[in-house]
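Hi there,

Here is the structure I promised to pass on to you. Have a look at it first, and then read my notes below.

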Amino acid sequence: MIRFGLGLAVAGGREALTRLIVIAAAVAVGSGLLLTTLAGVNAVNSQLTRYASMYPNASTGDADPLWWSTRQDYFHGEQIIRIDVAATGSTAPTPVGIPTTPGPGEYYASPAFRELLAAHSADQLGDRYPGRDLGTVGPAALTSPDTLLVIAGGAPDQVAKLPAAKQVTSVGDTPALPETTVNLILGVVAGGLLFPVLIFIGTATRLSAARREQRFAAMRLVGATPRQISMVAAVEAAAAAVAGTAVGFGLFYAFRDPLAAIPFTGMPFFPSDMSLGVLDVLLVALGVPAGAALAAQVSLRRVRISPLGVTRRVTPRAPRAYRLIPALLGVAVLFFAIGFKPETSDGQAAVFLPGLLLIMAGLVFAGPWLTMVGARVMARYANRPATLIAARRLADNPKAGFRAISGIMLALFVTSVAVGVITTIVVNRGPAPTGSTDAGTVTTVFDEKVPSVPDTLFAELRAITGVRSATAIREAPDINSGGEGGVIACADLPNAYGRCAQGATVIEVPMGLSRWRESASSATEWRAASITLDELQRLPVVSMVVGTDGSAAAVERTRTVLEVAFPTFWVGPNVPGDFESDFANTLRGWEQLANVVIIASLALGGCSLAVSVVGGLTERRRPFSLLRLSGAPVRVLRRVVALESAVPMLAVAAVAIGMGLLAAHLFLRAQMGYTLVAPQLDFYVIVVVGLAACLGVIASTLPLLERITGPETARSE
């Protein structure tokens with residue numbers, strides 16, 4: 001039967017060969033995207049593993065220890081990772097990605113950082129890393145080709161005094177970050193893409209299912225057993241799926257390098273990161289053909305029951321409203337979490353995750369009922385024959401109408417939740433707006449108290465073009481400024497940060513940068529401190545605040561001067577928005593990944609709909625031919641086919657996005673107390689353009705209608 005099934009698939013005439021090619025092409029696209037998704041998950045895990053290796057845990061062993069300190073610096077809003085190392089003996093381990101441990105006055109730099117050094121003057125960046133450039137840091141130590149990393153050498157006693165310094169006897173074996181949240185995001189995003197892929201493959205393998213049912217029913221009538229029919233169907237579907245899967249592997253490896261260069265998560269991958277494990281290869285190579293064979297067998301269940309079952313077709317039972325219950329339960333769970341949020345992260349995950357999964361499953365489960373309701377509403381208000389015919393057909397079998405677009409619904413829900421949450425967090429915790437009062441303020445907070453700041457440093461800072469003020473904030477633990485605060489001479493207060501109280505010579509100010517941002521303005525009046533100028537000079541310095549005109553050159557030259565003057569910083573001198581920009585850029589990377597899922601899922605949905613339309617036209621060419629013979633114009637029939645596909649898709653898209661934003665709002669209220677901020681215009685543009693592309697794909701199949709319908713097709717078979 002295997003040979004017979006292969007012969008039937010390959011030599012069964014033009015229709016069989018066309019069906020084989022279409023199924024193989026669909027499976028090729030689907031399996032290629034499936035492989036890309038799996039490789040992308042592996043690439044993100046590789047990035048996280050290498051990122052963890054930059055922050056090794058302290059360890060002991062037989063080897064000489066290596067002093068290690070990882071710090072952060074910034075340049076033009078981009079984060080620079082600086083690793084200071086010092087070997088204490090000949091057997092000390094060597095950092096990953098470089099051939100030897102740099103000595104005092106030596107450093108290695110990543111390729112992107114070397115380009116940055118070459119593109120800017122030394123007083124803006126290069127002077128922060130004086131010494132001899134030993135070479136390039138290799139990919140094994142970099143999270144991305146764009147990573148800005150410098151590994152600088154120093155003396156053991158110097159590195160030991162740096163913040164977070166530790167001794168390690170092994171490097172490169174730090175376990176990957178235990179990012180439960182990241183894994184959850186990746187799992188949800190992968191699921192949001194995998195579901196449309198599987199729907200696409202399943203739709204393709206069901207192509208012309210009704211005509212195959214008739215053919216297999218005829219074989220049953222001449223004596224074929226149900227097992228033989230199942231074998232023939234499985235072989236036919238598996239043959240196309242095997243060919244398509246092989247082409248899918250070819251497509252993946254052909255486009256792997258360009259795909260790796262796309263910053264799906266905010267930074268590109270190395271091509272080698274887009275790798276496939278043995279389990280991934282086996283999952284696709286064996287799972288896709290097996291799934292195709294299973295889909296073919298499921299589509300023939302009526303033939304196995306009775307060879308006459310195909311001809312005795314009845315209207316399926318209409319879906320009931322109880323299908324809404326799972327989705328409503330999920331919404332209720334998120335509502336419950338607003339007032340009863342568990343204290344622990346595990347407890348919160350135990351509430352939020354089931355709620356979201358209930359909504360996701362509920363949307364898919366309720367899809368046929370929503371399709372039926374929409375079809376009945378369309379039939380009620382139909383004023384044209386095409387609208388009425390399309391509505392009646394959808395209402396007759398809403399499950400079939402919803403099947404091809406279920407992947408779009410799930411993907412749009414998942415990405416709407418992700419984009420809604422990310423947009424709201426970025427708005428609430430994003431960088432300071434450009435042009436704000438403190439946008440050009442460079443602040444450095446010392447990890448240890450500094451007895452005094454030399455006058456030469458103030459002179460050097462004020463000599464920088466664009467610097468308007470330089471102020472040293474001194475510690476005053478006994479003042480009542482609300483938390484830790486400081487004191488400065490009234491004469492050192494920049495004009496943009498307010499004015500002193502009448503008669504004050506020393507004033508109380510907040511020490512932290514965030515509190516400067518909250519409190520400082522031209523109208524602020526700072527209260528007097530209960531110390532004299534002489535007493536002020538004897539207090540230790542806790543931070544420096546330098547006001548600039550906000551230009552990039554002034555900001556970066558100021559950073560360089562401060563870092564050279566105070567080399568033991570934990571985080572380099574920063575301006576408002578450095579930390580927030582880094583955080584926001586990470587979130588925007590995930591938002592970009594969500595947009596990629598939208599585009600891919602809509603493209604797959606369009607292909608699934610196209611295959612479904614082609615299959616439906618092939619199966620209904622005789623009824624359409626009879627309608628043409630009865631006087632129905634071809635344009636009316638085209639309108640029927642377009643409405644059958646477009647109306648459910650647009651309705652599902654609106655429901656999915658609405659439910660996704662509602663779930664995002666409930667999650668934000670329960671978890672962070674935020675109110676949902678509507679996604680930016682680009683999200684809606686992507687959705688609209690994607691849906692328009694789907695409609696275009698559907699429209700491209702309509703010319704087939706006139707070619708396959710005609711008097712010769714209307715004859716009885």
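Let's start with helix 21, residues 634–671: its 38 residues should span 56 Å at 1.5 Å a residue, and its end C-alpha atoms are 55 Å apart, which agrees. (The expected span is 1.5 Å times one less than the number of residues; helices are DSSP runs of H or I with at least four residues, strands are runs of E with at least two, and both are numbered from the N terminus.) Helix 21 also has a kink of about 30°, centred on Leu643; the bend is the angle between axes fitted to the seven residues ending at a residue and the seven starting there. After the helix comes Gly673, with a positive phi near 75°.

Before you go on, please note that this is a predicted model: local features need pLDDT of at least 70 and side-chain atom pairs pLDDT 80 or more, while totals for chains, interfaces and linings use all residues. Residues are numbered from 1 along each chain as its sequence is written, and side-chain values use heavy atoms, leaving out hydrogens and water.

Six strands form an open sheet in the order 4-3-5-2-1-6, with mixed pairing; two strands pair if DSSP finds at least two bridges between them. Strand 4 (132–136) and strand 6 (166–168) are its edges, each pairing on one side only. Strand 1 (residues 66–75) and strand 2 (residues 78–87) run antiparallel, joined by 10 bridges. Arg71 stands opposite Arg82 in strand 2.

Finally, the charges. Side chains of opposite charge can pair when their charged atoms come close. The count is 13 salt bridges, taking a side-chain nitrogen of Lys or Arg within 4 Å of a carboxyl oxygen of Asp or Glu. One of them joins Asp133 and Arg114, at 2.6 Å from N to O. This pair links distant parts of the chain, 19 residues apart: Asp133 is in strand 4 and Arg114 in helix 3 (residues 111–119).

Enjoy exploring!
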